[in-house]
Amino acid sequence: LCSCALRVPITGGPKDVATPNIVLSIPANYSNNFTAKTIEIKFDEYIDFKDLSKQLIISPLMAKEPEISIKKKSIIIKLPDSLLKDVTYTINFGDAIVDTHESVPFEDFQYVFSTGAQLDSLEIKGDIKFAENLKTEKGIYALLYKNTSDTVVFGTMPDYYTKTDESGQFVIKNLKAGNYKLFALKDANNNYKFDSKTEQIAFANKPVNIPDSAFYHLKLFIEPDT
């Protein structure tokens with residue numbers, strides 16, 4: 001009777017593999033006529049950020065980056081006062097939101113809002129490859145400009161942008177109808193401009209007319225030094 005018990009180590013229970021879930025967003029995601037200065041996104045468990053600076057995409061770019069922090073189970077976003085009128089903004093966290101216990105990611109989450117009366121919902125798709133070997137790379141910029149000049153990429157910030165995934169593909173979402181100039185850029189200094197001799201660039205041969213169902217194939221090359 002004294003030795004009948006089987007001693008085993010305490011395991012702590014099964015591993016937590018469930019992703020965090022949003023329980024409330026204030027204001028609601030996909031709101032229009034947006035005037036709030038602060039966004040709060042509440043989850044059902046404690047969360048953290050993983051590589052937020054590499055994952056975060058805010059399109060269009062804001063004149064001043066918002067302040068993004070975590071408070072217990074919530075993400076707090078403090079917006080700048082310089083938001084444009086009648087524009088749809090997308091804050092894409094990629095896979096940066098994870099739970100604090102097992103770092104399970106809340107994949108490809110984006111918060112979208114419009115400062116106008118309606119949300120822009122058009123998009124373009126494509127892929128970006130290196131011209132010399134047709135290989136792909138994650139994190140190459142796809143840049144979209146309302147100004148269709150061939151030189152806009154040298155000194156102007158893009159109106160919209162995104163980055164390629166592992167397969168080299170990209171999608172730029174929440175666009176207005178209109179004509180745009182499309183570039184791709186392997187940006188050496190992460191300033192969204194083609195201003196270094198080592199940077200590789202690609203571009204669509206003609207303006208992009210949105211809505212457009214075409215799939216754009218862009219090939220990066222190094223411009224000869226003149």
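Is lysine 186 buried, partly exposed or exposed, and what is its relative accessible area? Lysine 186 is partly exposed, at 30%; here buried means under 20% relative accessible area, exposed over 50%, and partly exposed in between (1.4 Å probe, protein chains only).

1. **The model.** This is a predicted model, in which local features need pLDDT of at least 70 and side-chain atom pairs count only at pLDDT 80 or more, while totals for chains, interfaces and linings use all residues. Residues are numbered from 1 along each chain as its sequence is written, and side-chain values use heavy atoms, with hydrogens and water left out. The mean pLDDT (the predictor's confidence in each residue, from 0 to 100) is 91, and 92% of the residues reach 70 or more. Helices (H or I, at least four residues) and strands (E, at least two) are DSSP runs, numbered from the N terminus.

2. The largest nonpolar core has 24 residues, of which Ile75, Ile77, Phe93, Ile97 and Phe113 touch the most other members. Strands E2 (38-43), E3 (47-49), E6 (74-78), E7 (88-94) and E9 (109-114) each give two or more residues to this core. A second, separate core of 20 residues includes Ile128, Ile140, Phe170 and Leu175. Such a core is a set of buried Ala, Val, Leu, Ile, Met, Phe, Trp, Tyr and Cys residues joined through side-chain atoms within 4.5 Å.

3. **Phenylalanine 93.** Leaving aside neighbours within four places in sequence, phenylalanine 93 is in contact (heavy atoms within 4.5 Å) with Phe49, Leu52, Gln55, Leu56, Ile68, Ile75, Ile77 and Phe109. Ring pairs also link Phe93 into a cluster with Phe43, Phe49, Phe106 and Phe109.

4. **Aromatic pairs.** The whole structure has 15 aromatic pairs. Rings of Phe, Tyr and Trp (its six-membered ring) pair if their centres lie within 6.5 Å; planes under 30 degrees apart count as stacked, over 60 as edge-to-face and the rest as tilted. Phenylalanine 43 and phenylalanine 106 are edge-to-face, 5.6 Å centre to centre with 85 degrees between the planes. Phenylalanine 43 lies in strand E2 and phenylalanine 106 in the loop between strand E8 (97-99) and E9, so this pair ties together parts 63 residues apart in sequence.

5. **Lysine 186 and its partner.** Lysine 186 forms a salt bridge with glutamate 137, the closest N and O atoms being 2.7 Å apart. Because lysine 186 lies in strand E14 and glutamate 137 in the loop between strand E10 (122-130) and strand E11 (141-145), the pair ties together parts 49 residues apart in sequence. Glutamate 137 is partly exposed, at 31%.

6. **Other salt bridges.** The structure holds 7 salt bridges, each a side-chain nitrogen of Lys or Arg within 4 Å of a carboxyl oxygen of Asp or Glu. One of them joins aspartate 150 and lysine 181, with the closest N and O atoms 3.0 Å apart. Aspartate 150 is exposed, at 54%, whereas lysine 181 is buried, at 4%. Salt bridges that share partners join Asp86, Asp120 and Lys176 into one network.
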